Amino acid sequence: MRTILISGASSGIGLNIAHKELKAGNRISIGLRDLESVKGSIIDPNNWTNEKILLNKYNALDKFSAKKWVENTVSKFGGFDTLINCSGVLSKVPFLYKDGDEEEILNTFNINFLAIWHLCRLSWKHLSQSNNGRIIVLVSMSGKRSKGDLAAYSSSKFALMSLCQTMKNKGWEENIRITAICPSWVNTKMAEKISSLEKSKMTQPGDIAEICSTILKLPMQSVPFEIALNCNYEI
């Protein structure tokens, strides 16, 4: 049984991962901006035993909330061995941004990069102490290549991918394995804002939940560092 912190679990990919891991018998601790956001959902705590799920107030822009989330999880479960980062924000700010766009650029980096770095840093000791620690980060294909002119978003994801590589180096001798999952279009609300691809032809959130579930079952010597997912052909 694993004890898993999951961010971005109020909808989409994170929600499906949380549900999958609950059904697998794992314990999950979820960080949410709005604790009411999962009410009536497939992970509504009223439908699961109190010993399996913990809800925590978490705002990616509030460092104290991340610290409190980690502390609450350790207090309730005695520790944890897995962190899955699914939170993120889309920005359409282009390379030739307008005066005043700097605030959105910084906000994008704070959420997509710095907040994840901070949460991983706070979790590091506990993951190492488990002797079988895992960090899974939903990066994006935009962290491997840049298409179009989403300069702020792509830059934040490139930074995140670099962080994953650094964590892989740091974690190797500390019993922590890192996996960066890099999908292209996923059938979520975020994709609706920028893609005209049919939803049925996109990668589905449940597919990524299945991949995460498999990763968590693999022995340490077989954990992949990077998984790139393409629902459409790319050269």
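**Close-up views of a predicted model**

**Figure 1. Surroundings of Thr203.** Apart from neighbours within four places in sequence, Thr203 is in contact with Trp185, Val186, Asn187, Ile208, Leu229 and Cys231, where contact means heavy atoms within 4.5 Å. The model is predicted: local features need pLDDT of at least 70, side-chain atom pairs count only at pLDDT 80 or more, and totals for chains, interfaces and linings use all residues. Residues are numbered from 1 along each chain as its sequence is written, and side-chain values use heavy atoms, with hydrogens and water left out. Thr203 lies in the loop between helix H5 (189-192) and helix H6 (205-217); helices (H or I, at least four residues) and strands (E, at least two) are DSSP runs numbered from the N terminus. Thr203 is buried because its relative accessible area is 12%; buried means under 20% relative accessible area, exposed over 50% and partly exposed in between, with a 1.4 Å probe and protein chains only.

**Figure 2. The open sheet and its edge strand E7.** The sheet is built from 7 strands in the order E3-E2-E1-E4-E5-E6-E7, with parallel pairing; two strands pair if DSSP finds at least two bridges between them. Strand E3 (53-57) and strand E7 (226-229) are the edge strands, each pairing on one side only. From one strand to the next, the twist averages 15°. E6 and E7 run parallel and are joined by 4 bridges, and Pro183 stands opposite Leu229 in E7. In a regular strand the side chains alternate between the two faces of the sheet. Helix H4 (residues 151-171) lies across strand E5 (133-138), strand E6 (176-183) and E7, running at about 155° to E6; angles run from 0 to 180 degrees between N-to-C directions, and axes are lines fitted to C-alpha atoms, for helices over the stretch in contact.

**Figure 3. Strand E4 and Asn85.** Strand E1 (residues 3-7) pairs with strand E4 (residues 82-85) in the parallel sense over 4 bridges. Leu83 is the bridge partner of Leu5 in E4. Asn85, also found in strand E4, counts as buried at 1% relative accessibility. Not counting residues up to four places away in sequence, Asn85 touches Ser7, Ile116, Leu119, Cys120, Ile135, Ile136, Val137 and Leu138.

**Figure 4. Packing of H2 against H3.** Helix H2 (residues 63-77) and helix H3 (residues 102-129) pack at an angle of about 25°, their axes being 9 Å apart. H2 is therefore roughly parallel to H3; angles under 35 degrees count as roughly parallel, over 145 as roughly antiparallel, 65 to 115 as roughly perpendicular and the rest as oblique. Their crossing is right-handed, the near helix being turned clockwise from the far one by less than a right angle. Lys63, Ala66, Lys67, Trp69, Val70 and Val74 of H2 meet His118, Leu119, Leu122, Ser123 and His126 of H3. These contact residues divide into 6 nonpolar, 3 polar and 2 charged; Ala, Val, Leu, Ile, Met, Phe, Trp, Tyr, Cys and Pro count as nonpolar, Asp, Glu, Lys and Arg as charged, and the others, Gly among them, as polar.

**Figure 5. Packing of H3 against H4.** The axes of H3 and H4 are 8 Å apart, and the helices pack at an angle of about 15°. H3 is therefore roughly parallel to H4. H3 passes H4 in a right-handed crossing. Residues of the contact include Phe109, Phe113 and Trp117 of H3 and Tyr153, Leu160 and Met167 of H4. By class, the contact has 13 nonpolar, 5 polar and 2 charged residues.
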